[in-house]
Amino acid sequence: MSVKGDLAYQRLEDLLRADLAAQGGGRLTLRHGAHFAALYLDEAGLYVLAPDLLDPVIVVEGLVERGVLGSEVLQRVRASQGSAGRIMDQLIEDGTLPQATLLDVLAMEVEDTVLDMYLWEEGVYRFEKEPMPPNTHGLLTRICVDPVGVAERAQARIEQRRAIGDRLGDHALLFEPVAGELPALTHEGDRIHEIYARVDGRTVVHEMSMRMGMSRFEILEGMARLHEAGLVRPVAPDELTRAATDRALEGRHAIARALVLQWAEAAPDDVSPLRKLGSLAQEAGDKDAELEALCAQGNLFIQQGDHEQALEVFTRAMRQSPADDVVLA
């Protein structure tokens, strides 16, 4: 069974509430400009396949800073050379890392990831019945959540998330500080001063979230308040491309891609970030991300009236994926 449609008419909330996986599992793919997401739905619940910006190093860094794990664990993970996931499994097996703690962290990230997708009010989706992909190594695939529960909690926060997006950009995750007087704390447990102390132009909101034990939504709420007070601003495009290159060299391709998407949002008429997305995808061997980058380039050329460039880009996309719906359209 294959179901496809337009997100302008059937939003992610509707898809999560629909009983798509009643007769077995299936993959729900969402495409929004240069953004790509893949969820897996079966009778057990919902798994996030992509995007997944967490990796074992980010998680362990956060748990070490919060005192859940010792610093020697972080040294092991950083020295693991690609086997950090296996080390995390060993930590769970020997009781060093409580599995419930990890699952709480992952569940919080899944909910924030789905909430981000609620901002996608245009694009296309496709649901296809198929078994769970065998190569699902992302951390978020380790947890299964209730899709209806996630949909309800996301719906309760979507207006606040839209307001944050209006101030900061829907896809902003890297900020730099601006000198000034901090706003007064508004309630007990207000951590706005702690958030500001961590804004350095290098640490992305996902890392802040792990290190502070807060959701990304809470971090972004704080960033919006700080931005309103003139104390933070999203990092400029030229800095974003350097930061993305640095993250790619560290092997953190998902974060590198997200940083370039922030750049693309800040410079919507510039094809450079879309080309950077393509090169990052090639380096990571991610065919889906490469195809999205090509389609985004082609659509931008069409908008700019450069039909010759658009034809060249979509011809490359068609060679890569001749039956793709977006390419054919």
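Me: Leaving aside neighbours within four places in sequence, which residues is Gly45 in contact with?
Reply: In this predicted model, Gly45 is in contact with Tyr40, Cys144, Val145 and Pro147, once its neighbours within four places in sequence are set aside.

Me: Which strand is Gly45 found in?
Reply: Gly45 belongs to strand S4, which covers residues 45-50.

Me: And is Gly45 buried or exposed?
Reply: Gly45 counts as buried, because its relative accessibility is 5% and the cut-off for buried is under 20%.

Me: How far apart in space are Gly45 and Leu274?
Reply: Their C-alpha atoms lie 34 Å apart, and the two residues are separated by 229 residues in sequence.

Me: Turning to the whole chain, how many helices and strands are there?
Reply: The chain contains 15 helices and seven strands. Its radius of gyration is 20 Å, close to the 20 Å given by the globule rule for 329 residues, so the chain is as compact as a globular protein of that length.

Me: What box do the C-alpha atoms fill?
Reply: Taken along the principal axes, the box is roughly 55 × 50 × 40 Å.

Me: What percentage of the residues is buried?
Reply: Of the 329 residues in the chain, 50% are buried. The accessible surface of the chain is about 15400 Å², and carbon and sulfur atoms account for 48% of it.

Me: What about contacts between residues at least 6 apart in sequence?
Reply: Of those contacts, 68% join residues at least 24 apart.

Me: Last topic: how many positive and negative charges are there?
Reply: The chain has 33 positive and 55 negative charges, and their mean positions are 3 Å apart.

Note on methods
Residues are numbered from 1 along each chain as its sequence is written. This is a predicted model: local features need pLDDT of at least 70, side-chain atom pairs count only at pLDDT 80 or more; totals for chains, interfaces and linings use all residues. Side-chain values use heavy atoms; hydrogens and water are left out. Helices (H or I, at least four residues) and strands (E, at least two) are DSSP runs, numbered from the N terminus. The radius of gyration is taken over C-alpha atoms; the globule rule is 2.2 Å times the number of residues to the power 0.38. Buried means under 20% relative accessible area, exposed over 50%, partly exposed in between (1.4 Å probe, protein chains only). Contact means heavy atoms within 4.5 Å. Accessible areas come from the Shrake-Rupley method with a 1.4 Å probe; for residues, only the protein chains shown count as cover. Lys and Arg count as positive and Asp and Glu as negative; His and the chain ends are not counted. The place of a charge is taken as NZ of Lys, CZ of Arg, CG of Asp or CD of Glu.
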